[in-house]
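Thanks for coming. I have a few minutes on one structure, so please look at the screen.

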Amino acid sequence: MGNDETLDAIDRDILFHLRRDGRMSNVELAARVGLTPPPCLRRLKRLEERGVITGYRAVVSPAALGRGVEVIVSVEVSVTDVDSLRHFETTVAALDEVVEVRRVFGVPDYFLRVAVADADAYSVFQMTKLVTIPGVSRVISYLTMEVVKSEG
């Protein structure tokens with residue numbers, strides 16, 4: 001059920017409202033999408049079972065966690081064998097400062113989202129953790145000025 005063709009207008013409306021407020025009650029959700037609660041709950045369960053809704057979570061302010069600075073990092077690696085790439089991915093994904101890892105087509109090989117307290121903390125992270133991973137050949141860092149839009 002991963003594509004829009006299998007979602008009708010009510011399913012899309014349910015997803016629209018839940019993406020904005022995942023804590024709303026089924027009664028409130030049903031009212032917003034024009035259903036009574038039982039069929040709304042059935043649709044919600046179906047969306048969960050089919051993997052359209054993959055979970056619920058709290059969106060926490062990075063500043064509240066002492067990680068008010070976000071850096072987008074492009075990483076190029078010099079290795080091409082699958083085992084080395086998996087090792088890089090496993091290692092970087094385990095780093096506490098890394099909040100997102102994306103392998104991309106072309107150059108660079110990866111984009112990372114890194115959340116730290118400040119520029120000094122990022123410098124330490126880059127020099128002691130990131131560039132020491134075997135196969136890393138180039139790192140370019142982009143300090144985020146402002147998050148204009150984020151969906152969580």
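Start in helix H5, where Tyr122 and Phe125 sit three residues apart, about one turn of the helix. Keep in mind that this is a predicted model. The two rings form a tilted aromatic pair, 5.9 Å centre to centre with 40° between the planes. Are these two residues buried or exposed? Tyr122 has a relative accessible area of 7%, so Tyr122 is buried. Phe125, at 2% relative accessibility, also counts as buried.

How many aromatic pairs does a search of the whole structure find? Two. In the other one, the rings of Phe88 and Tyr110 have centres 4.7 Å apart and planes at 45°, so this pair is tilted as well. Phe88 belongs to helix H4 and Tyr110 to strand E3, so the pair ties together parts 22 residues apart in sequence. Both Phe88 and Tyr110 are buried.

In soluble globular proteins, nonpolar side chains tend to be buried together. Here the largest nonpolar core has 20 residues, and Val73, Val75, Val114, Tyr122 and Leu130 are those with the most contacts inside it. Strands E1, E3 and E4 and helices H4 and H5 each give two or more residues to this core. E1 supplies the largest share, five residues. A second, separate core has 12 residues, among them Leu7, Leu18, Ala30 and Val33.

Back to Val75: leaving out residues up to four places away in sequence, its contacts include Phe88, Tyr110, Leu130 and Pro108. That proline lies in the loop between strands E2 and E3. The peptide bond from Val107 to Pro108 is cis, with omega near 5°.

Methods: Residues numbered from 1 in each chain as written. Predicted model: local features only at pLDDT ≥ 70, side-chain atom pairs only at ≥ 80, totals over all residues. Heavy atoms only, no water. Core = buried A, V, L, I, M, F, W, Y, C linked by side-chain atoms within 4.5 Å. Buried < 20%, exposed > 50% of the residue type's maximum accessible area, 1.4 Å probe, protein only. Helix = DSSP H or I, 4+ residues; strand = E, 2+ residues; numbered from the N terminus. Contact = heavy atoms within 4.5 Å. Phe/Tyr/Trp six-rings, centres within 6.5 Å; stacked < 30°, edge-to-face > 60°.
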